[in-house]
Amino acid sequence: MNNDVKKLLPIGSVVHVKGASKNMMIIGIATTNENKYYDYFAVLYPEGFIDDKHSYLFNHQDIDKIVFIGYINSEMQALRSELSDMLKKETNDK
């Protein structure tokens with residue numbers, strides 16, 4: 001997971017990931033798959049969710065271009081704060 005959660009993009013953001021042929025829209029953040037953390041869960045843009053084979057997990061450093069930044073409000077800022085606290089606790093527990 002990104003160590004600076006303040007940089008995490010909100011849901012609805014559209015990005016281009018290194019090596020991808022299409023843009024992707026972020027539909028989830030701070031997710032896990034098989035006990036591995038990922039910054040983002042995304043689907044193809046503009047198609048949206050097609051099926052599990054067309055959904056993607058990646059980290060912030062995999063993004064080479066931010067096309068559009070989604071909506072940020074107090075709820076998103078609170079989530080970032082919670083994630084930051086969780087990351088600090090996890091780091092201190094090691």
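The model is a predicted one.

The interior is described next. In soluble globular proteins, nonpolar side chains tend to be buried together. Here the largest nonpolar core has 13 residues, and the members that touch the most others are L9, V15, I26, I29, Y40, F58 and I63. At least two residues of this core come from each of β1, β2, β3 and α1. Strand β2 supplies the largest share, namely three residues. For I29, leaving aside residues up to four places away in sequence, the contacts are L9, D39, Y40, M76, L79 and L83.

Charged pairs form the last topic. One salt bridge is found when the whole structure is searched. It joins the side chains of K22 and E47, with a distance of 2.4 Å from N to O. K22 belongs to the loop between β1 (14-17) and β2 (24-33), and E47 to the loop between β3 (36-44) and β4 (55-58), so the bridge ties together parts that lie 25 residues apart in sequence. The accessibility of the two partners is set out below.

| Residue | Relative accessibility | Class |
|---|---|---|
| K22 | 31% | partly exposed |
| E47 | 41% | partly exposed |

How values were computed:
Residues numbered from 1 in each chain as written. Predicted model: local features only at pLDDT ≥ 70, side-chain atom pairs only at ≥ 80, totals over all residues. Heavy atoms only, no water. Salt bridge = Lys/Arg side-chain N within 4 Å of Asp/Glu carboxyl O. Helix = DSSP H or I, 4+ residues; strand = E, 2+ residues; numbered from the N terminus. Buried < 20%, exposed > 50% of the residue type's maximum accessible area, 1.4 Å probe, protein only. Core = buried A, V, L, I, M, F, W, Y, C linked by side-chain atoms within 4.5 Å. Contact = heavy atoms within 4.5 Å.
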